[in-house]
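User: I would like to go through this structure by question and answer. Please begin with the terms on which the answers rest.

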Amino acid sequence: MTQKERQERSREQIYQAALEEFGMHGYDAVNMEQICTRHSISKGMMYHYYSGKDELFLLCVERTFMGLK
């Protein structure tokens with residue numbers, strides 16, 4: 001597996017975790033630490049790819065409206 005493929009897999013793992021958390025608990029009840037803890041994602045990896053909760057939430061909204069899963 002190439003580095004690019006590993007990075008894409010990591011981004012997708014984080015996205016799926018965020019989508020699940022936002023879907024189950026709503027925006028206000030979710031934080032980055034909760035996503036990391038519940039889905040075994042390191043904080044370092046999380047913040048390497050995403051700057052924060054807002055960026056992740058907007059990604060989830062964008063992909064949902066575009067019909068991407």
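Analyst: A disulfide is a pair of cysteine sulfur atoms within 2.5 Å. This is a predicted model, in which local features need pLDDT of at least 70 and side-chain atom pairs count only at pLDDT 80 or more, while totals for chains, interfaces and linings use all residues. Residues are numbered from 1 along each chain as its sequence is written, and side-chain values use heavy atoms, with hydrogens and water left out.

User: How many disulfides does the structure hold?

Analyst: The sulfur of Cys36 lies 14 Å from the closest cysteine sulfur, in Cys60, which is too far for a bond. Cys60 likewise is in no disulfide. The number of disulfides is therefore 0.

User: Is Cys36 buried or exposed?

Analyst: Buried means under 20% relative accessible area and exposed over 50%, with partly exposed in between (1.4 Å probe, protein chains only). The relative accessibility of Cys36 is 5%, so Cys36 counts as buried.
Cys60 also has a relative accessible area of 5% and is buried. For Cys36, the class asked for is buried.

User: What length does helix H1 reach from its first C-alpha to its last?

Analyst: Helices are DSSP runs (H or I, at least four residues), numbered from the N terminus. H1 covers residues 3-25, 23 residues in total. The expected span of a helix is 1.5 Å times one less than its number of residues, and for H1 this gives 33 Å. The span from first to last C-alpha is close to that expectation, at 33 Å.

User: Which helices do the buried residues of H1 pack against?

Analyst: The buried residues of H1 include Ser10, Ile14, Tyr15 and Phe22. Contact here means heavy atoms within 4.5 Å. The packing partners are H2 (32-38), H3 (43-49) and H4 (53-65).

User: What is the C-alpha to C-alpha distance between Ala17 and His39?

Analyst: Ala17 belongs to helix H1 and is buried, with a relative accessible area of 3%. Not counting residues up to four places away in sequence, Ala17 touches Ile35, His39 and Ile41. Ala17 and His39 are 22 residues apart in sequence, and their C-alpha separation in space is 6.4 Å.

Conventions:
Helix = DSSP H or I, 4+ residues; strand = E, 2+ residues; numbered from the N terminus.
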